[in-house]
Amino acid sequence: MSLCNRMEVDVESNVCAEKFHDLFSSSSLPQVSCMSPAKVQAVHLLEVEWGKPGCTICWNFCIDGAPKVAKEVIEEIDNTKLSTTFKVIEGDLMEAYKSFKIIVQATPKGHGSVVHWTLIYEKLNENIPAPTAFLDNAVDFTKDINAYMTQAKA
């Protein structure tokens, strides 16, 4: 059994792909805690500058009601593919995973977009479960952002 794995999910959104991408790749990122307060309590800049590769941020979030912390570096921002790649470098996820990357990509679809989440991770051992709850949380988080941004437009 391989300890390196990948999980992916698509979530449809009424928010245009460019706006969704901008939220994750700019100084707007801390606003997600207002958009989905049950899932994300805070996003703080630790080093460098918002919206730049190498930017280090700290997320305070909940999964299944349990508070979690993740320190992440933005590895890549691709404004052509509308994707942002985060690499977890410290925090609760690193207790179970040797490496953990999150890629969020928004693709235009009609008047909205499809938000594609990719998790690429390596478990510390074969007894570690897949991060299904994290991926489920990303789906719910995306739906919360969609509802908030759609309501803001109205």
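Two strands count as paired if DSSP finds at least two bridges between them. Strands (E, at least two residues) and helices (H or I, at least four) are DSSP runs, numbered from the N terminus. This is a predicted model: local features need pLDDT of at least 70, side-chain atom pairs count only at pLDDT 80 or more, and totals for chains, interfaces and linings use all residues. Residues are numbered from 1 along each chain as its sequence is written, and side-chain values use heavy atoms, without hydrogens and water.

**Sheet**

Strand 5 (residues 83-91) and strand 6 (residues 97-109) run antiparallel, joined by five bridges. Serine 83 has glutamine 105 of strand 6 as its bridge partner.

Both strands belong to an open, antiparallel sheet of seven strands, ordered 1-7-6-5-4-3-2. Strand 1 (4-13) and strand 2 (40-47) each have a single partner strand, so one side of each lacks a neighbour in the sheet. On average, neighbouring strands are turned by 25° against each other, direction ignored. Axes are lines fitted to C-alpha atoms, for helices over the stretch in contact; angles run from 0 to 180 degrees between N-to-C directions.

Helix 1 (residues 17-25) packs on this sheet, at about 150° to the direction of strand 6. Contact means heavy atoms within 4.5 Å. The table lists strands that helix 1 touches.

| Strand touched by helix 1 | Residues |
|---|---|
| Strand 3 | 56-63 |
| Strand 4 | 66-78 |
| Strand 7 | 112-123 |

Strand 5 and strand 6 are also touched by helix 1.
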